[in-house]
Amino acid sequence: MIPPRPTTTEGRSGVLRLARAFRRDLLSALPERLYRAWMAEFRSPLIHSFVCNDPALVRLILKDRPDDFPKSDRLRAGLAPLLGESVFVTDGAQWAAQRRIIDPAFEGGRLHDSLPAILAAADATVARLRPGEQDIEPECSHAAADVIFRALFSMPIEHRIAARVFRAFRAHQDAQPVVNPAALLPWPRWLPHPHSRRTRRTAAEIRGLIATLVADRMEAIRDGRAPDDLATRIMTTPDPQTGRCFSAPEMVDQVAIFFLAGHETSASALAWALWLLAAHPEWQNAVAAEASGLTPDMAGLNALRTTRAVFREALRLYPPVPMMVRQAALPETMRDRPVPAGAQLVLSPWHLHRHRRLWDRPDDFDPGRWTRPEGKASARDAFIPFSAGRRVCPGAGFAMVEGVAMLARIVAAFRLEPGTRPPVPVARLTVRGRDGIAIRLTPRENLSSPA
């Protein structure tokens, strides 16, 4: 079974028409030619952008000269109500100082410290799931939120404030379009950007709840009773160059992006991975057999090679963040085309991961590609689910541990089958199913023989 992707057209569209289409669905709005093009230009009086699929351009922008291609101010404008001055949207010295504080909490050796929280959330998810056909997306959102709260603040999702943040984030995703006028218009910096009343309201509610959690944790740190979790580590880590720690408002910004990046993206990846296994029983059987021997430690998790390959393949086919935007700080020439200063440079994991010239059978679900030489070569050139270079997501390792652990625990407990209707991927804040992602669950203990 070929996993679903949106129907696109070969026709060309103006930027304003694309912008209107983006509000419905980013993925189907863009032309089919992007799956084989190295570079494409879109131009209007309001915006000048280039989609860059050439691996050499991706390396140039993300790895070789990142200072010359900062994050777009228009991206910052669109996400400002929720994320403030978080590490996701800042640049330059401010961003560098934030990463010096954040990165130590996510170093490889510290992942072991978060594993009990991840496994506890996975076991809680299995206990919460019920047999029958259902939209798995809400359950995956619940599971990913539970991981974040347990790892960040040592509290399960059932905690009163955690549950309120989770509900508010779901409302914010519904309220926040992929393309906001603030991200498209050449808006003066001094003029407030337009956001819907609902977007502003849900963002304010989330930030207020996070502020309460941060204030409580700061008090616990002062009193010497704070648990050794991610929040405590980040809040007590000084910048090695300046000696400064995050202030309370700065920490609210960072927790907002930790939750958005660690909750929305993880939920998206997990839901698609489960559906892919439901649609490909031979791979599901392999994961179930591998998961039956899982031990609750990093050595056991590292042994789940098939499960990890499945999760990577899900990230390839359905990258949670389908596009990233950078801005040319200086005039450039790319593939013999003039790129003016201020042009928007779109890096599209969605198209890069399915590019006709970079992957063998790019639309197929084939976890085995990750062990073959050609698959490994494609991965080096065209696999960026967590970005790349110095701005790679600091939680990338955490996300891989979480995804593999969740898949193993769920597939060990349930046999999965596709729902009545195949899902249709659309881009909201992350790649989700237009009408959900339906899966039928059957407890393995009820099966007459192993599946």
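**View 1. Packing of helices α15 and α18 in the predicted model**. Helix α15 spans residues 305–317 and helix α18 spans residues 396–413. Two packed helices are described by the angle between their axes and the distance between the axes. For α15 and α18, the angle is about 115° and the axes lie 9 Å apart. Angles of 65 to 115 degrees count as roughly perpendicular, and α15 and α18 are therefore described as roughly perpendicular to each other. Their crossing is right-handed.

**View 2. Residues in the contact between α15 and α18**. From α15, the contact is made by Thr307, Arg308, Val310, Phe311, Arg312 and Leu315. The residues contributed by α18 are Ala399, Met400, Gly403, Val404, Leu407 and Ala408. By class, the contact of α15 with α18 comprises eight nonpolar, two polar and two charged residues.

**View 3. The second largest cavity and its lining**. Two cavities of 30 Å³ or more are found in a search of the whole structure.

**View 4. Helices around the second largest cavity**. Which elements give two or more residues to the lining of this cavity? They are α7 (136–153), α12 (248–279) and α18. Helix α18 gives the most, with four residues. The lining of the second largest cavity contains six nonpolar, two polar and one charged residues.

Technical notes: Residues numbered from 1 in each chain as written. Predicted model: local features only at pLDDT ≥ 70, side-chain atom pairs only at ≥ 80, totals over all residues. Heavy atoms only, no water. Axes fitted to C-alpha atoms, helices over the stretch in contact; angles between N-to-C directions. Parallel < 35°, antiparallel > 145°, perpendicular 65-115°, else oblique. Left-handed = near helix turned anticlockwise from the far one by under 90°. Contact = heavy atoms within 4.5 Å. Nonpolar A, V, L, I, M, F, W, Y, C, P; charged D, E, K, R; others polar. 1 Å grid on protein atoms, 1.4 Å probe; cavity = no way out; pocket = protein on both sides within 12 Å on 5 of 7 lines; lining within 4 Å. Points joined across faces, edges and corners; volume = space filled by probe spheres on them.
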